[in-house]
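This briefing is meant for someone meeting the structure for the first time. Please look over the sequence and the model shown here, and then read on.

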Amino acid sequence: MKERVIYADILRVAATFLVIAIHIISRDFDLYAIDSYQWQTLNIFDSFARMSVPLFFMMSGIFFLDPKKTFSIRKFYKKNVFRLVTAFIFWSALYAVIFTWNEYRTFDSEVWGVMFEAFKEGHFHLWFLFRMIEIYVMIPFLRKIAEDKKMIFYLIAFCFYIGFILPTYHEFPVSSTVTFAERGINLDITFGYVGYFFAGYFLAHYDLSKWVKRAIYLLGAAGLISTIVMTSLESLRQGKHYDVPYEYLTPNVFLMSIAAFLLAKEKLKPKHVSAKFKRILLDLSAYSFGIYLVHVLIIFLLWEAGATTLFSTPFLSVPILTLLVFCISYICIKGIAQLPFIKRFIL
């Protein structure tokens with residue numbers, strides 16, 4: 001049996017938890033005044049959670065870019081790429097039907113057209129599948145680049161300039177979560193996430209000196225603080241939520257993401273994990289993809305039932321609601337996964 005990369009499993013579960021937090025928080029910003037401590041609390045939580053999606057891409061880079069592992073293009077497309085495609089088809093159709101019905105409460109010819117457009121674009125969180133598919137089809141030649149350490153440095157620098165510096169300079173004329181159906185292929189966005197792929201692979205497979213690690217941690221802390229401060233100050237100035245610093249392809253989010261990844265790699269060792277915790281962790285990690293796919297529906301149903309962060313101070317309500325959504329999503333997905341076909345192709 002292959003030895004698990006424990007810190008990757010922990011990061012996968014943590015990133016799933018943080019994505020849920022983002023989607024809970026984003027619905028509730030308008031419930032509070034920008035100059036209130038509640039709004040600022042949401043801003044702090046949301047800023048911290050922005051490392052979630054980059055961590056997903058970085059973890060994929062650990063395993064898919066390793067040139068030492070055997071790789072078959074045919075098997076890769078048949079298993080990995082095909083799974084993403086079928087998952088998108090199923091979940092996009094499900095969300096299109098549910099949310100179109102919720103809005104129109106009927107199915108006439110016009111509504112069917114609206115539903116089809118919603119299916120093509122995918123529900124907002126399904127953008128992640130578009131980006132993953134784009135990068136997956138590039139993996140056969142990206143693995144060749146991963147064989148050369150100098151080429152890895154070059155590619156990360158190239159991606160950082162094309163995918164992070166330029167879009168941030170222009171304040172993201174194209175959102176980092178735009179889908180293929182909306183704008184087609186956007187190389188700046190694509191290469192930005194390729195940068196995360198290679199950053200994860202490099203940090204996982206190469207050792208760094210102490211001063212480099214310390215520099216990364218300091219830059220990561222600066223990235224987090226700047227995300228919080230820039231969002232707060234500009235939102236107060238404009239009188240509305242300014243969320244450009246939240247974009248996943250910004251230097252500030254990149255820095256705090258690689259710092260979090262490195263910290264997990266350095267501190268979360270297998271010897272520090274009990275057998276019981278490991279069993280629970282591996283189970284949660286195995287269902288994290290399904291939890292990501294279904295959690296937006298769970299948030300919607302809870303929101304319809306009146307469950308918002310208003311029931312308590314956000315310091316408590318955000319973690320409580322996030323944990324609740326995570327647990328409900330896990331139960332739903334684990335139940336659905338008992339069907340072999342479903343587990344293989346859409347989870």
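The lining of the largest pocket is made up of 23 nonpolar, nine polar and 14 charged residues, where Ala, Val, Leu, Ile, Met, Phe, Trp, Tyr, Cys and Pro count as nonpolar, Asp, Glu, Lys and Arg as charged, and the others, Gly among them, as polar. This is a predicted model, in which local features need pLDDT of at least 70 and side-chain atom pairs count only at pLDDT 80 or more, while totals for chains, interfaces and linings use all residues. Residues are numbered from 1 along each chain as its sequence is written, and side-chain values use heavy atoms, with hydrogens and water left out.

**The largest pocket**

- On a 1 Å grid over the protein atoms alone, a pocket is an open set of points with protein on both sides within 12 Å along at least five of seven lines, whereas a cavity is a set of points where a 1.4 Å probe fits but cannot get out; lining residues have an atom within 4 Å of a point.
- The volume of the largest pocket is about 1900 Å³, a volume being the space filled by probe spheres set on the points, with grid points joined across faces, edges and corners.
- Among the 46 residues that line the largest pocket, F63, F64, K79, N80 and R83 are the closest to its centre.
- At least two lining residues of the largest pocket come from each of helix 1 (6-28), helix 3 (52-64), helix 4 (73-104), helix 6 (127-136), helix 13 (275-286), helix 14 (288-304) and helix 16 (340-346); here helices (H or I, at least four residues) and strands (E, at least two) are DSSP runs, numbered from the N terminus.
- Helix 4 gives the largest share of the lining of the largest pocket, with eight residues.

**The cavity**

- A search of the whole structure finds one cavity of 30 Å³ or more, and the volume of the largest cavity is about 70 Å³.
- The largest cavity is lined by I24, R27, D28, I299, L302, W303, A307, T308, T309, L321 and V325, which divide into seven nonpolar, two polar and two charged residues.
- Helix 1, helix 14 and helix 15 (314-336) each supply at least two residues of the lining of the largest cavity.

**Nonpolar cores**

- The largest nonpolar core holds 102 residues, of which F57, W91, Y193, F198 and F261 touch the most other members; such a core is a set of buried Ala, Val, Leu, Ile, Met, Phe, Trp, Tyr and Cys residues joined through side-chain atoms within 4.5 Å.
- Not counting residues up to four places away in sequence, F198 touches L65, L142, I145, A146, I152, L155 and I156, contact meaning heavy atoms within 4.5 Å.

**Cysteines**

- The count of disulfides comes to zero, a disulfide being a pair of cysteine sulfur atoms within 2.5 Å.
- C327 is in no disulfide, and the nearest cysteine sulfur, that of C332, is 11 Å away.
- C327 counts as partly exposed because its relative accessibility is 35%, and C332 counts as partly exposed because its relative accessibility is 32%; buried means under 20% relative accessible area, exposed over 50%, and partly exposed in between (1.4 Å probe, protein chains only).

**Individual residues**

- R131 has its place in helix 6 and counts as buried because its relative accessibility is 1%.
- The C-alpha atoms of R131 and T190 are separated by 6.8 Å, although these residues are 59 residues apart along the chain.
- R105 is found in the loop between helix 4 and helix 5 (109-121), where its phi is near 60 degrees, a positive value in a residue other than glycine; at 51% relative accessibility, R105 counts as exposed.
- I336 is found in helix 15 and, leaving aside its neighbours within four places in sequence, is in contact with I342 and L347.
- D35 lies in the loop between helix 1 and helix 2 (37-49), and D35 is exposed, with a relative accessible area of 64%.
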